[in-house]
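Okay, everyone, thanks for coming. Let me put it up.

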Amino acid sequence: MSQATKYSDMIGMLIEDHRNVEQAFQEFEGGIEDASRRRKLVDHIITELVRHSVAEEQYLYPVARQTLENGNEIADHEISEHAEAEQLMKRLEGLDPEDRQFDETTRQLISSIRHHVEDEENDLFPKLRRWCGEEQLQDLGNKIRRSKETAPTRPHPSAPDTPPANKLLDPGAGLVDKIRDALSGRER
């Protein structure tokens, strides 16, 4: 997900994120014996999922609320799934990759995210494509690109997940996370 995107509209960018993280999931599921490689891969997955979730919470779900008849219900459901995934990611941060719980928790996270992706791609994204203009989707894509540059890289389950609070606090948390990543040697 951190690589340059081929897409400039919001939905294309988010789908590309989904495909990139799915590749990392498949790599994990392929079996990695080396504990430090598993740790690095799961840290990468967490970083990308957090950045992606922040972008969705700042831009995707607010536009769903504004645009779709049942937008509040959809956004609330998606945000609750983010909260569950964030709890799993937070738990993973504290687990040793040689602990049996590490692999079990990672598999739970993968399953949760796959369900979430399916919901978005089969329900939310097609609805937004019908109701949002291409110019609006392009504008949101630009905003998402910028927000991911300053987004946190670690889960913050108690942080706000709706605007305006998340738009104000996420860049600060992102800066602190990037400093922690640099000091700990955690790769992005």
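Let's start here: which side chain does R129 meet in a salt bridge? The partner is E134, at 3.9 Å from N to O. By salt bridge I mean a side-chain nitrogen of Lys or Arg within 4 Å of a carboxyl oxygen of Asp or Glu.

Quick note on what you're looking at: this is a predicted model, where local features need pLDDT of at least 70 and side-chain atom pairs count only at pLDDT 80 or more, while totals for chains, interfaces and linings use all residues. Residues are numbered from 1 along each chain as its sequence is written, and side-chain values use heavy atoms, with hydrogens and water left out.

Back to our pair. R129 is partly exposed, at 38% relative accessibility, and E134 is partly exposed too, at 44%. For the cut-offs, buried is under 20% relative accessible area, exposed is over 50%, and partly exposed is in between, with a 1.4 Å probe and protein chains only. D9 joins in as well: D9, R129 and E134 make up a network of salt bridges.

Zooming out, the protein has six helices and zero strands. Helices here are DSSP runs of H or I with at least four residues, strands are runs of E with at least two, and both are numbered from the N terminus. Of the 188 residues, 48% count as buried.

Now, how many salt bridges does a search of the whole structure find? The answer is 15. One of them joins D17 and K148, with the closest N and O atoms 2.7 Å apart. D17 sits in helix α1 (residues 10-29) and K148 in helix α5 (residues 134-150), so this pair ties together parts 131 residues apart in sequence. Both D17 and K148 are buried.

Another one is D103 with R38, at 3.2 Å from N to O. This pair also links distant parts of the chain, with D103 in helix α4 (residues 100-131) and R38 in helix α2 (residues 35-67), 65 residues apart. D103 is partly exposed at 21% relative accessibility, whereas R38 is buried at 10%.

Next, R39, which is also in helix α2. R39 is buried, with a relative accessible area of 16%. What does R39 touch, leaving out residues up to four places away in sequence? The list is L92, E93, L95, P97 and F102, where contact means heavy atoms within 4.5 Å.

And for the protein overall, among contacts between residues at least 6 apart in sequence, 75% join residues at least 24 apart.
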